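Here is a short briefing on one protein chain. Look over the sequence and the fold before reading the points.

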Amino acid sequence: MESVALLIVLVILIMLGAPVGFTMILIPVVYILITDAAPMILIPSQMFSAIDSVPLTAIPFFMLTGELMTSATITDRLVDLSQRIIGRMRGSMAQANVLVSMFFAGMNGSVVADTATVGSLLVPGMKKAGYPPEFAAAITAVSSTIGGIIPPSIMMIVLANAGGISVGALFAGGIIPGMMIGGLLMVINYIIARRNNFERSDEPFSLKGIAVAGYKSSFALLIPAVLVGSVVFGIAGVVEAGALTATIALFVGLFVYRTITWDNCQSAFVRAFRNSAMVFIIIAASGPFSWLLTSLGAIGQLEEWLLSYTYNPLVFALVLVLFICLLGMVMDSAANIIVVGPVLVDVMVKAGYTDVQAALVVVVGFLIGSVTPPVGVAFFTAGAIAEVRLEKVAIAMLPYLAALFVLLFVLIVVPEFTMFLPRALGFAS
């Protein structure tokens, strides 16, 4: 009963706007002060233990890569390439929104960065072209989930670190689900665009145009190739790969495109490490909060409850999807992955799934939660960029979210979608 009360307090405070990391630290501190259940030194000790991991140092490099890309106008080139590939398809700007998110996903690994960067570039143009602002915000937010699924993924690194899972295996396994989500969103876009008679691009499909745009973006496309290839094929660790791609992004901006100034560079470093600090605060806060949940028996009760449905794989998959959906609606996705993610992975492994498939299902599920109302951060960000009421964005997102949760169910019951590449590359048998 105590654990339920604490979770309710956490959800209420987060929904009222309290910082997630601060709230997750405050609750165990207050609990210890009231009950004297442990010495107070346990709080900083657990916080340090939660972030005492070398792989986590890759996170600032991924953040920096994304910021340098934006400063170097690399993202603008990717937008141009995406629009050339889409051509005159109905709803071409909405389709380009999804495609550029897929490109951007291979360089940054952050849902929020994807929403903010792609949204600021494409949403104003979509509104001018006649798209309803709520639709522009909805597709921008939903497509940003690809940014945390196609490698590199910050949340994959965090969960791999917590569960002792190979980062390379998760990176390899995330490629097909990420592409599936992108394709699914584009199909829904096309249906909605035809029904609402959305615009077509003025530029027809042209192989020459794609070749020219591809050449201009070639150095930008080198970043995901180096990053994913070096990790997946074991050439470099995730930290080394992150440092290498950040260096490439800086080199391209300074000496190839020559669009980064000293002020741009300084601002990019400040934003990257400020955003990284926010992630590390949540990771550190998860230490004492997870200890509290474990000591109260909440973790064991959750495992027991979920395992009670393993008598039928389809029922278990449905219960798991519904649980992830509900939790994603009321808690921050990063907190969910850090605190609840390892528990769900452990439950799925006990139910007969591989740890790689389990981790990928958890990451995909909670990243979808990052765009679900009322607390999805990408949901808020996209709505603010489009300058539209959030309830309208929520309604516009419904067909996308329904399709994504169906896809999550498919990822649970069809392991080949997540395990084909890890097995082909020797990460799993």
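Predicted model: local features only at pLDDT ≥ 70, side-chain atom pairs only at ≥ 80, totals over all residues.

**Overall build**
- The protein has 21 helices and zero strands.
- Its C-alpha atoms fill a box of roughly 70 × 45 × 45 Å along the principal axes.
- A compact globule of 429 residues would have a radius of gyration near 22 Å, and the protein agrees with that, at 21 Å.
- Buried residues account for 55% of the 429.
- Take the contacts between residues at least 6 apart in sequence: 79% of them join residues at least 24 apart.

**An enclosed helix: H8**
- Helix H8 spans residues 133-143, and nine of its eleven residues are buried, so the rest of the structure largely encloses it.
- The buried residues of H8 include Phe135, Ile139 and Val142.
- Which helices do the buried residues of H8 pack against? They are H6 (92-105), H7 (111-128), H10 (167-196), H19 (377-386) and H20 (390-413).

**A helix pair: H5 and H6**
- Two packed helices are described by the angle between their axes and the distance between the axes.
- For H5 (residues 74-86) and H6, the angle is about 130° and the axes lie 8 Å apart.
- The two helices H5 and H6 are therefore oblique to each other.
- H5 passes H6 in a right-handed crossing.
- On the H5 side, the contact residues include Leu78, Leu81 and Ile85. On the H6 side, they include Leu99, Phe103 and Phe104.
- The residues of this contact divide into ten nonpolar, five polar and no charged.

Notes:
Residues numbered from 1 in each chain as written. Heavy atoms only, no water. Buried < 20%, exposed > 50% of the residue type's maximum accessible area, 1.4 Å probe, protein only. Helix = DSSP H or I, 4+ residues; strand = E, 2+ residues; numbered from the N terminus. Contact = heavy atoms within 4.5 Å. Axes fitted to C-alpha atoms, helices over the stretch in contact; angles between N-to-C directions. Parallel < 35°, antiparallel > 145°, perpendicular 65-115°, else oblique. Left-handed = near helix turned anticlockwise from the far one by under 90°. Nonpolar A, V, L, I, M, F, W, Y, C, P; charged D, E, K, R; others polar. Rg over C-alpha atoms; globule rule 2.2 N^0.38 Å.
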